[in-house]
Amino acid sequence: MLENTGERIIPDEMKPTNGLYLEHIARYYFSLPYVSGRVLDMACGSGYGSHFVAKSKKKTISELIAVDNAVDAIEYASKRYNHPFVQYHVADALNPNLKQEIGTFDTILSFETIEHIPNEQEFVNNLFHLLNPGGMLVLSTPFGQGRNEPCGSPFHYFQLTPEEFENLFTPYPFSNLETYHQRGVTIEPPRQGVKYALGVAVCKK
C-alpha cells in the first residue's frame, strides 16, 4: 500500500463522498475537453487521475506519460492504475533535461504541484518548453497569503494569491490564457463576492 501522508489522494482509502477527493477529480473532469494527442500528467501522485483521463479520452490521445518524483507513488500507480495508454515515470519536474528524457506533449496537466516546488517560475518554464506549439496546459494551485508568506500546510512552500497566480503565466507567449477559480467541485470564472480556494489556468501555446 502507498503511505497516506495526509496530502496524497488515494481513492481506495477514501469514501466516494470525501470532499478532498471530489475536488481533485473535478479538476481532471474539467480538463477533459482540452486533452488530446500526447499527454503529460505532471506530479501524478497515486495515478488515479492519469488512469481516469486515459480511459475517458482513449479515442483522442496517443499516450499519457505520468510523472512523479516519489518512487513509491509511481510503483503504486503502475500496479493499481495500469492502463495500456499510460506509462509511469519517476522524474524531477525541475530537471532541465526533462525534454530530452520524455519528449514534448500536446497536452500537459499539472494539478496541485506548484505549491510543492520552491521555484515556481522555473517549473512553469519547464512546462512551457515541454509543450508543443498549439498545445494546452491545464494547471491548478490553492490560493493563500502569497509568495514568500507563511503557509499553513507543512507540505507547501507557499500558496499564491489569485493575482500572483494569474501573473505566473504572463512572461510566456501563450496565444490564449484563461483563468478559473474553484470552490468545492465547481470550477468557474471568478464571481465577485465569492470566496474560492483554488485557481485553475488553461493556457494554449
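In the predicted model, C203 is buried, with a relative accessible area of 0%. C44 is likewise buried, at a relative accessible area of 3%. A disulfide is a covalent bond between the sulfur atoms of two cysteines. With a cut-off of 2.5 Å between cysteine sulfur atoms, the count of disulfides in the model is zero.

The strands form an open sheet of eight members with mixed pairing, in the order β3-β2-β1-β4-β5-β8-β6-β7. The edge positions are taken by β3 and β7 (residues 186-188); each has a single partner strand, so one side of each lacks a neighbour in the sheet. From one strand to the next, the twist averages 20 degrees. The strands β2 and β3 run parallel and are joined by five bridges, and L64 is positioned opposite V86 of β3.

In soluble globular proteins, nonpolar side chains tend to be buried together. In this model, the largest nonpolar core comprises 34 residues, and Y28, V53 and Y88 have the most contacts inside it. At least two residues of this core are supplied by each of α1 (19-31), α2 (48-56), β2 (61-68), α3 (71-80), β3 (86-90), β4, β5 and β8 (198-204). When neighbours within four places in sequence are set aside, the contacts of V53 are Y28, L32, V35, L64 and L109. Another core, lying apart from the largest one, contains 32 residues, including I65, L94, I114 and L137.

Helix α5 spans residues 120-130, and its buried residues are E120, F123, V124, N126, L127, F128 and L130. An α-helix has 3.6 residues a turn, so residues three or four places apart point the same way. The buried residues of α5 pack against the strands β1 (37-42), β4 (105-111) and β5 (131-142), and also against helix α4 (98-102). The N-terminal end of α5 is capped by N119, a side-chain oxygen of which lies 3.3 Å from the backbone nitrogen of Q121.

Notes:
Residues numbered from 1 in each chain as written. Predicted model: local features only at pLDDT ≥ 70, side-chain atom pairs only at ≥ 80, totals over all residues. Heavy atoms only, no water. Buried < 20%, exposed > 50% of the residue type's maximum accessible area, 1.4 Å probe, protein only. Helix = DSSP H or I, 4+ residues; strand = E, 2+ residues; numbered from the N terminus. Contact = heavy atoms within 4.5 Å. Polar contact = N/O pair within 3.5 Å; in protein donor to acceptor, adjacent residues only side chain to side chain. Core = buried A, V, L, I, M, F, W, Y, C linked by side-chain atoms within 4.5 Å. Pairing = 2+ DSSP bridges. Axes fitted to C-alpha atoms, helices over the stretch in contact; angles between N-to-C directions.
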